[in-house]
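Please walk through the structure below with me, going from a single chain to the way two chains sit together. Keep the sequence at hand while reading.

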2 protein chains.
Amino acid sequence: MKHLLVIAHGSRRQESNDEIRLLGERIAAMNHHGFDGVHCAFLELADPSIPDGIRHCAAQGASEIVIMPYFLSAGRHVSEDIPREVDLTRQEFPDVRIHIARYLGSIDLIAELVANHASEVTA
Amino acid sequence: MKHLLVIAHGSRRQESNDEIRLLGERIAAMNHHGFDGVHCAFLELADPSIPDGIRHCAAQGASEIVIMPYFLSAGRHVSEDIPREVDLTRQEFPDVRIHIARYLGSIDLIAELVANHASEVTA
């Protein structure tokens, strides 16, 4: 059982958090990526927290969890805060393999996506 | 002459700003999107500002500028701050058509990109 946990920063603005939850639902609705469950969690300011997100995946039977940092740049949140939260919780589930994927902004295809999107804007 | 101006938030961390500049260079190197110039600008904390970014495009002969907000959620920066900065500068260039594209996080393909990327992560 492989689960995906999308991690966003979290916002005081509920609409922003709901955008992330909707993203999770949209990914869950795609059934060609091999994930048995797709969830989201937040570094701060919104629920669930990263530990609770991992616990939720484990409670649903995940034997493997891919953590995807939904961040555009490699700041302290990506390089330190997320790994720290993950490592704290990893100890609770020694039988679950937990991997942290590269953050969104590091994906090469982002440049193509931006260019395609912008080129479709018309007067 | 159609130019693309990618707008990021800007960071005190220079590496984050450099990631955006590199993104601009990578898009510029793709020559199949119909842009005659690709630049970046920052809402705050880094240079160039949005007005200076627009002025730079105009100085290079842009008759049309597509502004692409490189943001993941539709907060006040996207809904208010960027349009205000653009509108202030628009008056300086009445002959240049300036469009604001939808922000990055609103692009449907983001969900597919996240899922594809995460599904490639292996143990």
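Among the contacts in chain A that join residues at least 6 apart in sequence, 77% link residues at least 24 apart. This comes from a predicted model, and what follows should be read with that in mind.

Which elements make up the chain? Chain A contains four helices and four strands. Going along the sequence, their order is β-α-β-α-β-α-β-α. The radius of gyration of chain A is 15 Å, close to the 14 Å that the globule rule gives for 123 residues, so chain A is as compact as a globular protein of that length. Taken along the principal axes, the box that the C-alpha atoms of chain A fill is roughly 55 × 30 × 25 Å.

Of the 123 residues in chain A, 54% count as buried. The accessible surface of chain A is about 5800 Å², and 48% of that surface belongs to carbon and sulfur atoms. As for charge, chain A carries 11 positive and 18 negative side chains. The centres of these two sets lie 2 Å apart.

Now bring in the second chain. Any two copies of a chain are related by a rotation about an axis and a shift along it. Here, a rotation of 180° with 0.0 Å of shift along its axis places chain B on chain A, with an RMSD of 0.0 Å. The two copies are therefore related as by a two-fold rotation axis. In chain B, the C-alpha nearest the axis belongs to Leu72(B), at 3.9 Å from it. Both copies use the same surface, since 100% of the contact residues of chain B recur in chain A.

His117(A) lies in helix 4 of chain A. Is His117(A) buried or exposed? Its relative accessible area is 11%, so His117(A) is buried, as buried means under 20%. Leaving aside residues up to four places away in sequence, His117(A) touches Met68(B), Ala101(B), Arg102(B) and Ile107(B).

Definitions and conventions:
Residues are numbered from 1 along each chain as its sequence is written. Chains are lettered from A and ligands numbered from 1 in the order in which they are written. This is a predicted model: local features need pLDDT of at least 70, side-chain atom pairs count only at pLDDT 80 or more; totals for chains, interfaces and linings use all residues. Side-chain values use heavy atoms; hydrogens and water are left out. Helices (H or I, at least four residues) and strands (E, at least two) are DSSP runs, numbered from the N terminus. The radius of gyration is taken over C-alpha atoms; the globule rule is 2.2 Å times the number of residues to the power 0.38. Buried means under 20% relative accessible area, exposed over 50%, partly exposed in between (1.4 Å probe, protein chains only). Contact means heavy atoms within 4.5 Å. Accessible areas come from the Shrake-Rupley method with a 1.4 Å probe; for residues, only the protein chains shown count as cover. Lys and Arg count as positive and Asp and Glu as negative; His and the chain ends are not counted. The place of a charge is taken as NZ of Lys, CZ of Arg, CG of Asp or CD of Glu. Copies are superposed by least squares on the C-alpha atoms of residues with pLDDT of at least 70 in both.
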